[in-house]
Amino acid sequence: MGAGSGNGTGRSARETRDAVAAFLITGAVALAVLLPFRTLFDTDAYYHLAVAGRYLEHGLRGGLEWARASAMAGGFGDKELLFHVLLMPFVAVSRSTAAGKVALVLLNGVIGAVIARLFSPLLGRFAVLLPLGFALTATHYSTRLLRLRPELVSLVIVLVAVVLAGRGRHRALGVLAFVYTLFYTGFHVLLLLCLLWFAWEAWARRVRPWPLLAWPALGTALGLVAHPQFPANVRVWLLQGILRYFVALPDAGGEMVLSASGSGSRSTQAPCA
């Protein structure tokens, strides 16, 4: 028993070292890519930094005066509240592009660390290089890593959610759903994943793990209500997350539209330009 415990401790220490190494490697690569450029790749990044600056000056409540002709004027209903809170320390130090670059480097490092930590039991030390391998072989993935958007945090949360669900840690999954609801526009994706996992368990194993649905649903509901701009956040989520897909809009996500050549999307080509 003592030997087994020692082996487990040693394996955990190695996996932690691999995660730290992946954090440093991924962060260093992101820094090397971002450093030569004077601006950030994505205009959304400047919006997120500006909202973080507004929160520093005016707090988390109230409307968004810039959007006085939109649904966000009377009550902001920030779809990515915690992401903007996360950016506040960077903006507090500097209102320049450098703040966004530092945040991007750290976020890339965290993503690399999480991926390496999750795959370390399967790949051993090679897991350290897996985040870099993903970035080199998946163009859409690598270009999104260069954009300061909440989807970077969403990737980490979903990866952790997969592990928690697999281990049956449903209460922890509920806490994660609470955080996710305050972090990301598409928080309902986690609920859909839980529903799919529940359906698989019911079909393949003939069991119905109701806590797999109940705890994330509870966490999501509490996250919606706990939002300091409630109920404006629910209204904005309905408009952007649900209703917009039933209306033909002129701007429905150009990064997913194929270019004229058909060889790639706009998001793939923009950073290269």
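**From a charged pair to the core**

R14 and D18 sit four residues apart, about one turn, in helix α1 (residues 2–34); helices here are DSSP runs of H or I with at least four residues, strands are E runs of at least two, and both are numbered from the N terminus. An α-helix has 3.6 residues a turn, so residues three or four places apart point the same way. R14 makes a salt bridge with D18, with the closest N and O atoms 3.4 Å apart (the rule wants a side-chain nitrogen of Lys or Arg within 4 Å of a carboxyl oxygen of Asp or Glu). R14 and D18 are both buried, where buried means under 20% relative accessible area, exposed over 50%, and partly exposed in between, using a 1.4 Å probe and protein chains only. R125 joins R14 and D18 in a network of salt bridges.

A word on ground rules: this is a predicted model, so local features need pLDDT of at least 70 and side-chain atom pairs count only at pLDDT 80 or more, while totals for chains, interfaces and linings use all residues. Residues are numbered from 1 along each chain as its sequence is written, and side-chain values use heavy atoms, leaving out hydrogens and water.

Zooming out, the protein chain has 12 helices and zero strands. Of its 273 residues, 41% count as buried.

Now look at R149. Its side chain meets D42 in a salt bridge, 2.5 Å from N to O. D42 lies in the loop between α1 and α2 (43–58) and R149 in the loop between α6 and α7, so the pair ties together parts 107 residues apart in sequence. R149 also forms a salt bridge with D44, at 3.6 Å N to O. D44 is partly exposed, at 31% relative accessibility, whereas R149 is buried at 12%.

Next comes α7 (residues 151–166), whose buried residues include L152, V156 and L164. The elements covering its buried residues include α3 (81–93), α4 (97–123) and α8 (170–183). I111 touches L152, L155 and V156, among others (contact means heavy atoms within 4.5 Å). I111 is also one of the residues touching the most other members of the largest nonpolar core, which has 48 residues; such a core is a set of buried Ala, Val, Leu, Ile, Met, Phe, Trp, Tyr and Cys residues joined through side-chain atoms within 4.5 Å.
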